[in-house]
Each structure stands twice: as C-alpha cells, then as structure tokens.
Amino acid sequence: MYISNMTHFLDEQGNIPKQMPKEARELANFFALVVDSTTKTCPLTLTATEIRCFHKGCHGTVNSALSRAKGEIRWYCPVCENEGVISHWQGTKWDNMR
Ligand SMILES: [Zn+2]
C-alpha cells in the first residue's frame with residue numbers, strides 16, 4: 001500500500017525534478033498520470049484507466065477513484081493487487097479540477 005503526498009515528489013515550481021533517483025521519478029510520473037486521468041472524470045468508484053501498473057513484471061492497468069469526502073485519489077491494480085492513495089494532488093499541474 002502506497003500512501004503518497006504528491007507535493008513530496010515536486011520541486012518549488014511544481015515539477016518532478018529531473019535529478020530525482022530513477023525509481024522515485026518513475027513513481028512520481030505514475031502518480032502524476034493517475035491524478036491527471038482521475039481528475040478528468042472524477043469516478044467515485046474504482047474505474048479502469050489506461051495507466052500501466054509500475055510493479056515489475058505486472059502487465060495490468062490500474063483502476064482509480066476519487067474520494068470526495070477525503071479528497072484523496074485511490075488506485076488499485078486488479079492483476080497484482082498493488083494499491084495506494086494519493087493526497088495533496090490539488091492544485092498540481094495534473095489537477096484537471098482546478
Ligand atoms: Zn499490477
């Protein structure tokens with residue numbers, strides 16, 4: 001279970017720093033994609049996206065949902081059961097609800 005604060009992955013300009021270690025950068029890119037996709041449609045229940053799971057060897061695509069009550073985005077890979085929650089995504093470049 002990944003509990004992620006989106007702002008922890010961003011520099012002062014709100015970008016994903018290029019000098020970030022590769023694994024952290026891949027994670028940050030994944031979270032950014034999830035925020036972008038989820039805030040376009042704002043599904044309240046887990047809904048399919050086209051985002052590939054980042055788990056090694058997994059070819060699944062993740063589902064995501066927006067929790068209106070908590071303001072968190074939940075994502076889940078039905079293939080490997082990799083899952084997590086993203087908070088503090090509001091106002092980032094990938095927030096389509098701005
Ligand atoms: Zn997976």
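Which residue, with a positive phi, follows H1? Cys42 follows H1, and its phi is near 50°. The model is predicted: local features need pLDDT of at least 70, side-chain atom pairs count only at pLDDT 80 or more, and totals for chains, interfaces and linings use all residues. Residues are numbered from 1 along each chain as its sequence is written.

**View 1. The open sheet has five strands in the order S1-S5-S4-S3-S2.** Its pairing is mixed, two strands being paired if DSSP finds at least two bridges between them. Strands (E, at least two residues) and helices (H or I, at least four residues) are DSSP runs, numbered from the N terminus. S1 and S2 are the edge strands, each pairing on one side only. From one strand to the next the twist averages 30°; axes are lines fitted to C-alpha atoms, for helices over the stretch in contact, and angles run from 0 to 180 degrees between N-to-C directions.

**View 2. Strand S5 (residues 83-87) has a covered and an uncovered face.** Gly84 and Ile86 form the covered face, whereas Glu83, Val85 and Ser87 form the uncovered one. In a regular strand the side chains alternate between the two faces of the sheet. S5 runs parallel to S1 (residues 2-5), with four bridges; Ser4 has Ile86 as its bridge partner. With S4 (residues 72-76), S5 pairs in the antiparallel sense, also over four bridges. Here Ile86 is the bridge partner of Ile73, and Glu83 that of Tyr76.

**View 3. S4 and S5 form a hairpin.** Six residues lie between the two strands. Glu81, in the turn, has a positive phi of about 65°.

**View 4. Helix H1 packs on the sheet.** H1 touches S1, S2, S3, S4 and S5, and its direction makes about 60° with that of S3; contact requires C-beta atoms, placed from the backbone, within 7 Å. H1 has 20 residues and reaches 29 Å from its first C-alpha to its last, close to the 28 Å expected, the expected span being 1.5 Å times one less than its number of residues. Its buried residues include Phe30, Phe31, Val34 and Val35. A residue is buried if 20 or more other C-beta atoms lie within 10 Å of its own, exposed if 12 or fewer, and partly exposed in between.

**View 5. The largest nonpolar core has 17 residues.** Such a core is a set of buried Ala, Val, Leu, Ile, Met, Phe, Trp, Tyr and Cys residues joined through C-beta atoms within 7 Å. Phe31, Val34, Val35, Ile73 and Ile86 touch the most other members. H1 supplies the largest share, five residues. Not counting residues up to four places away in sequence, Phe31 touches Ser4, Met6, Phe9 and Ile86.

How values were computed
Contact = placed C-beta atoms within 7 Å.
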